[in-house]
Amino acid sequence: MCADFAEDKARVLGGVDLSRKGSVDAAILPLVGYLNRLDCYYSTSSCSGRLVLFAEGEEQRKKGCSWLLVSHDPLEPAQLEEALRCERLGEHTGYVYFKFEPFVLHVMCATLSDARLMLQTAVASGFRNSGLSCGKKERWMVAVSPQHTLAGGAAGPRQYTPHYH
């Protein structure tokens, strides 16, 4: 492992978590911890998978949306209904979306050989949408990701009722 990689790894792992949540998901923490203890890998971002319910306004899109509910655990229908009745929903005139975002893990690799092994392992484990990116300074990032995702409208502008299925 080169000194630059070790320095970058120490800087990234010692820095502030810049994710919206601000921490690694509990369900994926053992995997991320294991990878980060290996000399030739470190995680740059991860998500164990989540369900998101969000609302947009007339001129809002993803960055301007309001998250009504975010869960990294299974949900009961009553939890979705409660989120759709929240006070913040009245502030939005746009659509309400329900989205399942699957597991994702971004792993920085010390060498191309390390990256190749990580990618082969991910694909062989069923994560068929995984890929490899080559960056500056001979950096290799593997994105480990499955094929599954689901997104759809939960309700149109002010259309939601508990019987809207």
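Accessible areas here come from the Shrake-Rupley method with a 1.4 Å probe, and for residues only the protein chains shown count as cover. On that basis the accessible surface of the protein comes to about 10400 Å², and 55% of it belongs to carbon and sulfur atoms. This is a predicted model, in which local features need pLDDT of at least 70 and side-chain atom pairs count only at pLDDT 80 or more, while totals for chains, interfaces and linings use all residues. Residues are numbered from 1 along each chain as its sequence is written, and side-chain values use heavy atoms, with hydrogens and water left out.

The secondary structure comes to four helices and eight strands. Helices (H or I, at least four residues) and strands (E, at least two) are DSSP runs, numbered from the N terminus. Read from the N terminus on, the elements run α-α-β-β-β-α-β-β-α-β-β-β. Of the 165 residues, 35% count as buried; buried means under 20% relative accessible area, exposed over 50%, and partly exposed in between (1.4 Å probe, protein chains only). A contact means heavy atoms within 4.5 Å. Among the contacts with a separation of 6 or more, 66% are between residues 24 or more positions apart.

The interior can be described through its nonpolar cores. A nonpolar core is a set of buried Ala, Val, Leu, Ile, Met, Phe, Trp, Tyr and Cys residues joined through side-chain atoms within 4.5 Å. The largest one has 14 residues, of which Leu105, Val107, Cys109 and Met118 touch the most other members. At least two residues of this core are supplied by each of α2 (29–37), β5 (104–109), α4 (112–124) and β7 (139–144). A second, separate core has nine residues, including Leu53, Leu68, Ala83 and Val96. Cysteine 109, leaving aside its neighbours within four places in sequence, is in contact with Phe5, Cys40, Tyr41, Asp114, Ala115, Met118, Trp140 and Val142.

Helix α1 covers residues 3–14. Its 12 residues should span 16 Å at 1.5 Å a residue, and the end C-alpha atoms are 16 Å apart, which agrees; the expected span is 1.5 Å times one less than the number of residues. The buried residues of α1 are Phe5, Asp8 and Lys9. Seen down the axis, these fall within an arc of 100°, so they line one face of the helix. The arc is that of the directions from the helix axis to the C-beta atoms. The face of α1 turned away from its buried side carries the exposed residues Ala3, Glu7, Ala10, Arg11 and Gly14. The cover over the buried residues of α1 includes α2, β1, β5 and β7.

In α2, the buried residues are Val32, Gly33, Leu35 and Asn36. They cover an arc of only 165° around the axis, which puts them on the same side of α2. Pro30 and Arg37 are exposed on the face turned away from that side. The buried residues of α2 pack against α1, β1, β5 and α4.

Tyrosine 42 is in strand β1 (residues 41–47). Its relative accessibility is 3%, so tyrosine 42 counts as buried. Not counting residues up to four places away in sequence, tyrosine 42 touches Phe5, Asp8, Lys9, Val12, Leu13, Asn36, His106, Val107 and Met108. Lysine 9 is 33 residues away along the chain, with a C-alpha separation of 6.5 Å from tyrosine 42.

Helix α4 has 13 residues, which should span 18 Å at 1.5 Å a residue; its end C-alpha atoms are 18 Å apart, which agrees. Asp114, Ala115, Met118 and Ala122 are the buried residues of α4. They cover an arc of only 100° around the axis, which puts them on the same side of α4. These buried residues pack against α2, β1, β5, β6 and β7. Threonine 121 is also in α4, but at 42% relative accessibility threonine 121 counts as partly exposed. Just after α4, glycine 126 takes a positive phi of about 100°.

The structure holds three aromatic pairs. Rings of Phe, Tyr and Trp (its six-membered ring) pair if their centres lie within 6.5 Å; planes under 30 degrees apart count as stacked, over 60 as edge-to-face and the rest as tilted. Phenylalanine 103 and phenylalanine 127 have ring centres 5.2 Å apart and planes at 45°, so the pair is tilted. Phenylalanine 103 lies in the loop between β4 (96–101) and β5, and phenylalanine 127 in the loop between α4 and β6 (131–135), so the pair ties together parts that are 24 residues apart in sequence. Phenylalanine 103 counts as buried at 16% relative accessibility, whereas phenylalanine 127 counts as partly exposed at 25%.
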